[in-house]
Amino acid sequence: MAVKEVAILMEKHQGKPGDGSCVGRKGLAILKSKLETSPSSSPSSSSPKLKCPKVPKRLREMVKGAEDCYAPKLISLGPYYHGESRLAEGEELKLKLAKDYIQNYCKEIVDAFYDKISSIITELKDYYDEMSTKKYDDDEFTVMMVVDGCALLSYILNVCLGSKHGSFSIRFQDISVLYRDALLLENQLPYQLLLELMKMMRFEWTNDLWTAMFLEFFGINDESIFQEFMGMESNSCHGGLFPRASRKSNLESAGNKSESKPCHHLLDLFRRNFLGEERSSSSGSQTGNEKLEGTWSVRDVKEVMASFRNVKELMDAGIRIKRSRTRHMRDISFRSNGITACLKIPPITIDSSTKAMFLNLIAYEMSSNVPHDFISYLRFLDSLIDHADDVKELQSIGILQNNLGTHEEVAIFFNTVSTNLESNFHAYKDVRVKIRKHLQSHYNSRAKMWMTQCLDTYFDSPWTIITWVGAFVALFLTFVQTYYIVFPQSR
């Protein structure tokens, strides 16, 4: 209802003079003024969020001791940490890498780089927080973007092409640091900038090829598909740089893994491919559920979002946990046959760099207009992991690779990293609904509980099954032997 209509209705219901309502008319005038001056609630009028935002203050306060996870250690990209004295060594490294990209990979001279980026510098500034960009004039910001963008592309190319790092004086221990710095939210470069710089290369590369290279740099691909797509016969950055025709279909399929919506930066690209393709409501994993679409009550929402059980308790209810066929975080499915069930979860490795990566993905989802799907994934794992025994069980199955420390440390990590975060209700709701229905059916039937207990006790491993089959065969042969002894066959 429009503001004026609200005001008219209020005037109709005003009291008459003398009935004591005159005192309230002053408050009514204030209310009308507030309603008329309030901003519109339409989505189009809401201010868009930054594409390269800073880490939300609320998250910094929420996760104690996480400041080191947001700031670069060696190299700054963009304006947020530019010029800090502790990163002086990284500034020298960036100049070497930028020079390598312009001289060895591109057909244009420095002037062309500067002119092209300066023509879009206003758009690039809009990616960042205004307080961080207003201290640089357009010329300074253009120089920063050219150097940082060329340096990042040069390093990624050298990594994926197998070039040696010694020519840039990069220490072996700094390689993982550079990879970490490239995935920090406050250390991102606009994807628009990278696209313009990539167009200046000596060879024409499709966006799908660049996507394949970025994914290999981030370690998302299990194999070195970039060099396979490139059809490389040597590590030379100038030899065999054209993709073979036979690789074209494979290259296109790799490019299609990312969403059609333009990327904001490399962290955004990493998140999209880390999560995998969005699951359709009509997918096979959702068949058989009656209440996944349509109207949801508050009670339904609370039941689905509640922590449903940990790993040990799910297994006690006849739910087996297995690895998914892919490593994508959205590839979580659940199927039940009435008595037993199977929950499939993608494998994941937890190490010292995982915390920084997770926190920056969380910060990006909290500060951008993207669904909280990664946060939902962490909340889902938090529902499964309560203590060290759950971590141990997931590791024995091959779902969780613990390179961080003790099982207790991993359990604490998952229990604290997503605490008090708002997840996407629609993410994994089909799996949660099915698990809760299976648990209700299991605990409401003594027969199912007894059958599940028998299966766990007597058929919990292949060796137990083999033992039972062997015992049955021996018993059958004994019966046959006894039968022929008691009833000998006459010849």
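Analyst: Let's start with α8 and helix α10 (residues 191-198), whose axes come within 10 Å and cross at roughly 75 degrees. Axes here are lines fitted to C-alpha atoms, for helices over the stretch in contact, and angles run from 0 to 180 degrees between N-to-C directions. The two helices, α8 and α10, are therefore roughly perpendicular to each other (65 to 115 degrees; under 35 is roughly parallel, over 145 roughly antiparallel, and the rest oblique). On the α8 side the touching residues are M145, G149, C150, L152 and L153, and α10 brings L193, L194, L197 and M198. Contact means heavy atoms within 4.5 Å. Helices (H or I, at least four residues) and strands (E, at least two) are DSSP runs, numbered from the N terminus.

A word on the ground rules. This is a predicted model, so local features need pLDDT of at least 70 and side-chain atom pairs count only at pLDDT 80 or more, while totals for chains, interfaces and linings use all residues. Residues are numbered from 1 along each chain as its sequence is written, and side-chain values use heavy atoms, with hydrogens and water left out.

Now look at Y101. Setting aside residues up to four places away in sequence, Y101 touches C106, F113, C150, L153, S154, L157, L197, M198 and M201. Y101 is also among the residues with the most contacts inside the largest nonpolar core, along with M145, F214, L343, I362 and F414; that core has 119 residues. Helix α8 (residues 138-160) supplies the largest share of this core, 13 residues. A nonpolar core is a set of buried Ala, Val, Leu, Ile, Met, Phe, Trp, Tyr and Cys residues joined through side-chain atoms within 4.5 Å. Buried means under 20% relative accessible area, exposed over 50%, and partly exposed in between (1.4 Å probe, protein chains only).

In α9 (residues 172-181), D174, V177, L178, R180 and D181 are buried. Seen down the axis of α9, these residues fall within an arc of 160 degrees, so they line one face of the helix; the arc is that of the directions from the helix axis to the C-beta atoms. F172 and S176, on the other side of α9, are exposed. The buried residues of α9 pack against α4 (88-104), α8 and α17 (354-367).

Next comes α17 itself. Its axis and that of helix α14 (residues 266-275) come within 11 Å and cross at roughly 105 degrees. That makes α14 roughly perpendicular to α17. L267, D268, F270, R271, F274 and L275 of α14 meet M357, N360, L361, Y364 and E365 of α17.

From the helices, on to a sheet. It is an open one of 3 strands in the order β1-β3-β2, with mixed pairing. β1 (319-323) and β2 (333-336) stand at the edges with a single partner strand each, so one side of each has no neighbour in the sheet. From one strand to the next, the twist averages 20 degrees. Two strands pair if DSSP finds at least two bridges between them; β2 and strand β3 (residues 341-345) are joined by 4 bridges and run antiparallel. β2 and β3 form a hairpin with 4 residues between them, and G338 in its turn has a positive phi of about 105 degrees.

A few single residues are worth a stop. T349 sits in strand β4 (residues 348-350) and is partly exposed, at 34% relative accessible area. Beyond four places in sequence, T349 touches T354, Q401 and N403. S132, in helix α7 (residues 130-133), is buried at 9% and contacts K54, P79 and Y80, leaving aside neighbours within four places in sequence. Y428 lies in the loop between α20 (407-417) and α21 (429-443). Its phi is near 65 degrees, a positive value in a residue other than glycine, and at 7% relative accessibility Y428 counts as buried.

Zooming out, the chain has 23 helices and 5 strands, and buried residues make up 45% of its 491 residues.
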